[in-house]
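Hi there,

I am passing a structure on to you, together with some notes on it. Please have a look at it first, and then read on below.

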Amino acid sequence: MSTEPQNISAPGCQKLHFPAGLLGFERIKQFTLISRQEESPFKWLKAEHDETIAFLVVSPFEVLTSYAPDISNEDAALLKLGGPGDAELYNIVTLRRNGDSSVNLKGPIVVNRHTQVAKQVVPHNASDYSVRHPLPTSD
Amino acid sequence: MLVLSRKVGESVIIDGQIIVKIVRVDGEAVRIGIEAPSEVPIHRQEIYEEIQRTNQEARTSGRMPLPRLAKPAAPSRAAPTHPNPA
């Protein structure tokens, strides 16, 4: 399947502000979340000012329906989350050519859907989850 | 590396705004309290490094062919955070 821009429909773009960046990518504060119907449920998280940095993300509930990260009060306050309905969750996928792809459930990205402010957090119950949770693929 | 001796209840202050306090010493475990501005991320180093490595491995140029996702094993529930309800 090609993901070349000329072959696909107009994507949905959502600008996200990461005040702390991603772990290991602290200097990058602005990302664009790109959704294309034909790539659903995956989305791309692309650095706004660096075309060479992109992460594939997916809703964790597509991978593990019982996923329940315990977000710290400090992170909830930083993101100004009033309740679970204010948050969108995305987890970063590591694609490997041998099909051994995985999802990082230990460091979810939490987005305040009203403010578009986001943070990669380490939940209190991070030890319950793996950085290499197998991606369930059907091909 | 700067090395200082502190007693329980004593602190160090970093850059005038981050306070690290020794709360308790119990054998080999030292319990510390940290007061910092909310925008300063604080992590246990081994967890930080594990996620950092995972992020670096996951980084792509955004032009990879995507796998087809299988339905997760457990029955689906109405998740309020689901971005694309089928």
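Here is what turned up, starting with a word on conventions.

This is a predicted model, in which local features need pLDDT of at least 70 and side-chain atom pairs count only at pLDDT 80 or more, while totals for chains, interfaces and linings use all residues. Residues are numbered from 1 along each chain as its sequence is written, chains are lettered from A and ligands numbered from 1 in the order in which they are written, and side-chain values use heavy atoms, with hydrogens and water left out.

**Where the two chains meet**

Let me begin with the interface. On the chain A side, 55 residues are in contact with 37 residues of chain B (contact means heavy atoms within 4.5 Å). The size of an interface is often given as the accessible area lost when the parts come together. For chain A and chain B the buried area is about 4300 Å², with 60% of it on carbon and sulfur atoms (this is the accessible area, taken with a 1.4 Å probe, that two parts lose on being put together, summed over both).

Between the chains there are 10 residue pairs in polar contact, both residues being at pLDDT 80 or more. A polar contact is a pair of N or O atoms within 3.5 Å; within protein, one must be able to donate a hydrogen and the other to accept it, and residues adjacent in sequence count only if both atoms are side-chain atoms. On the side of chain A that touches chain B, strand 3 (42-47), strand 4 (54-58) and strand 5 (87-94) each supply at least two residues. Strand 5 of chain A gives the largest share, 7 residues. (Strands are DSSP runs of E with at least two residues, helices are runs of H or I with at least four, and both are numbered from the N terminus.) Sorted by class, this side of chain A has 30 nonpolar, 12 polar and 13 charged residues. Here Ala, Val, Leu, Ile, Met, Phe, Trp, Tyr, Cys and Pro count as nonpolar, Asp, Glu, Lys and Arg as charged, and the others, Gly among them, as polar.

**Salt bridges**

Side chains of opposite charge can pair when their charged atoms come close. The rule (a side-chain nitrogen of Lys or Arg within 4 Å of a carboxyl oxygen of Asp or Glu) gives 8 salt bridges over all chains, and 2 salt bridges are found across the interface of chain A and chain B.

Which residue of chain B meets K106(A) in a salt bridge? The partner is E50(B), at 3.2 Å from N to O. K106(A) lies in the loop between strand 6 and strand 7 (109-112) of chain A and E50(B) in helix 1 (residues 45-58) of chain B, so the pair joins two chains. K106(A) is buried, at 13% relative accessible area, whereas E50(B) is partly exposed at 24% (buried means under 20%, exposed over 50%, partly exposed in between, with a 1.4 Å probe and protein chains only).

Within chain A, R36(A) and E39(A) form a salt bridge with their closest N and O atoms 3.1 Å apart, and both residues are buried.

**A glutamine at the interface**

Q120(A) sits in strand 8 (residues 118-120) of chain A and is buried, with 2% relative accessibility. Its side chain reaches the backbone nitrogen of L23(A) at 3.1 Å. The side chain of Q120(A) also makes a polar contact of 2.8 Å with the side chain of N55(B). Beyond its neighbours within four places in sequence, Q120(A) has contacts that include F18(A), I92(A) and I51(B).

**Aromatic rings**

Over all chains there are 5 aromatic pairs. Rings of Phe, Tyr and Trp (its six-membered ring) pair if their centres lie within 6.5 Å; planes under 30 degrees apart count as stacked, over 60 as edge-to-face and the rest as tilted. F25(A) and F55(A) are edge-to-face, because their planes stand at 80°, with the centres 5.3 Å apart. F55(A) is buried at 0%. F31(A) and F55(A) make a tilted pair, 6.5 Å centre to centre with 55° between the planes. Ring pairs link F18(A), F25(A), F31(A) and F55(A) into a cluster.

**Chain B**

Finally, chain B has 1 helix and 3 strands, in the order β-β-β-α along the sequence. Of its 86 residues, 19% count as buried.

Best wishes
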